[in-house]
Every structure is written in structure tokens, then in C-alpha cells.
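Welcome! Have a look at the model below, and then let us walk through its packing together.

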Amino acid sequence: MDRRLTPARSDLAASFLKDRVSAERYVDPVDHRCILPSAAIRRDASATAGMDDQVLYGEDFAVLEEREGWCWGFSRADGYVGWVEAGALSGETLKADHKITALRTYLFPEPNFKKPPIALLNLNARFAAGVVEGRFVEARGAGWVTTEHTAPLTEFAGDFVAVAEAHLGAPYLWGGKESLGLDCSGLVQMALMAAGIDVPRDADQQEAALKEMWDDVTADVERVRGDIVFWPGHVGILTDSEHLLHANAFTMDVTLEPFAEAERRIRVAENPVRTIVRLPR
């Protein structure tokens, strides 16, 4: 089992794994809602530990243990296991029915854009909608957001490539999946999520999942907009036959560059293209 997606340690495991893993004790996960714009999922219970993923505002984190201000468990959004600061989570249950569709938008204390904002919410953050006043909808328990930047969870973007393109220039951040900082697989995950396509967090996981869901066109000569290209440890999206959009640690941001140049540079690092997948037409 993939340790990244398996909430189990020698001393503790999720109860649904009782017949699959050995642990000293098993507990039922308890969902907690993220109440910050984003919260890091870290490898250890420390603010200096590496970040592998994030929980966005309104997403649930299933808690199995709380210890010294940290919660160990897994994200309900993509299953990633790790530690999240307890202060970023709330046990109050509010069933989300709306989401943020803009790259980012402000959360206000009142339905008035002249008031100082409370927070900056990111694409795909979710909330329980309350009343509507003018151009604002209530994010219950939090504040107000403009209706132009929201939609029901059941509505999706028509072009995931356009969603990804909106991130152009966003800084590179390992483990990030928000517009203020994200990595290669975070960009792909967020763009596809906005279009109603759920994929795992990391590039190798996405490659395996999309090869089952989409057409493998690796051997094709002609590339097209929307093809997703995988190298070992890296992933990007083609905006047309000749250009690759990707978050990368070479330029340290989301950049658009000629595919041939990117592929040549990555090949120098002995990582040839491994897979190209395409949404079935």
C-alpha cells in the first residue's frame, strides 16, 4: 500500500484498515474542516517539517490523533496522510455546497467590498452557502464572498487548460496547490478539479490514475491542447502542440515554454517523456 495514502502506523491506524494492516490500535477518523485559506499537510508534527500537500479552506481533514497542537490523519480531498496544525481545523460540521471559481477572491466580514477583508480564498476552496445580499453570498460561519467568483459544487469549468493558464506566473512551492504557491502536480490537480475531474496528489499517482481514465497517446506524433505529459517526477499540460505549461523548480514558477526546450532540458537530466495522456473525445 502507498504510505502517502495509507493512514497507518505501527501504533495507530484508521479503523477501516483493520483487516489490512497491523497496528496497536485502530480508531475511527473524525472529520475536521479547514478554516484557514490553506493549511500544510506535513511529514511530521513540526512547523519546520516538509510539506507534501495542503488542505484548502472548507475541505475536510479526517483526524485520527491530536497531539501537542497537531492532528494526524488524512485529507478527504485526495487521501494524503500527514500532520496538520490543530488551529487550522474546526470540528464544526458545515456541509459545503459551493466553491470558489476565481483564482483567488477575498472573504469579507460584511456584504460590502469597502470593508477590510478577512482572508484571501483560493480556487476550489469550498463553503456552505447562506443568504445572498446583492452581489454577495454568505459563506456560513466565515463571512461573505462575491457571487461572481462562486458556483455550486455541481458546476464545472469547461476548459481545464484555461484554468491552468490562469496560474501563469504563480510561484513554485513544493507541496502547494494554491495560486500563491504550487508545484507541478498541484497545478494539474487543481485545474482538473475545477473541471470536475478528481485525480490524486502526486505526479506518479496522477499518471497511473489518468492512464486508466484517459487515452494513452504516448506513441502519437501529433500533440494537441490538453495533453498531459509525464516524466519521472514531473508533469505538465500542453496548451497547443508546441507549448508546455508547468510549475517547475527551474524557473521557480508556472511558466509557458516551447515543449521542445523543456523536453530537451528534462532529457539532459536523463528523464525522457514517459507518458502522454489525452481526455477521451
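Is phenylalanine 136 buried or exposed? In this predicted model, phenylalanine 136 is buried, because its relative accessible area of 7% falls under 20%.

## Aromatic pairs

Phenylalanine 136 belongs to one aromatic cluster with Tyr106 and Phe108. The structure holds 5 aromatic pairs. In one of them, the ring centres of phenylalanine 108 and phenylalanine 136 are 5.9 Å apart and the planes stand at 90 degrees, so this pair is edge-to-face. Phenylalanine 108 sits in the loop between β11 (104-107) and β12 (119-122), while phenylalanine 136 is in strand β15 (residues 136-139), so the pair ties together parts that are 28 residues apart in sequence. Phenylalanine 108 also counts as buried, at 11% relative accessibility.

## Nonpolar cores

Let us turn to the cores. The largest nonpolar core has 28 residues, and Phe160, Leu192, Leu210, Trp214 and Ile228 have the most contacts inside it. Elements that give two or more residues to this core include α1 (160-165), α3 (203-213) and β21 (228-231), but α2 gives the most, with 6 residues.

Leucine 192 touches Phe160, Ile197, Val199, Leu210, Trp214 and Ile228, leaving aside residues up to four places away in sequence. Apart from this core lies another, of 14 residues, with Leu12, Ala23, Trp70 and Phe74 among them.

## Charged residues

Glutamate 257 lies in strand β24 (residues 253-258) and is buried, with a relative accessible area of 9%. Its contacts beyond four places in sequence include His243, His246 and Arg265.

The charged end of arginine 265 sits over the ring of phenylalanine 250, 4.0 Å from its centre. Likewise, arginine 9 lies over the face of tryptophan 72, at 4.3 Å from the ring centre.

How values were computed. Residues are numbered from 1 along each chain as its sequence is written. This is a predicted model: local features need pLDDT of at least 70, side-chain atom pairs count only at pLDDT 80 or more; totals for chains, interfaces and linings use all residues. Side-chain values use heavy atoms; hydrogens and water are left out. A nonpolar core is a set of buried Ala, Val, Leu, Ile, Met, Phe, Trp, Tyr and Cys residues joined through side-chain atoms within 4.5 Å. Buried means under 20% relative accessible area, exposed over 50%, partly exposed in between (1.4 Å probe, protein chains only). Helices (H or I, at least four residues) and strands (E, at least two) are DSSP runs, numbered from the N terminus. Contact means heavy atoms within 4.5 Å. Rings of Phe, Tyr and Trp (its six-membered ring) pair if their centres lie within 6.5 Å; planes under 30 degrees apart count as stacked, over 60 as edge-to-face and the rest as tilted. A charge sits over a ring if NZ of Lys or CZ of Arg is within 6 Å of the ring centre and within 35 degrees of the ring normal.
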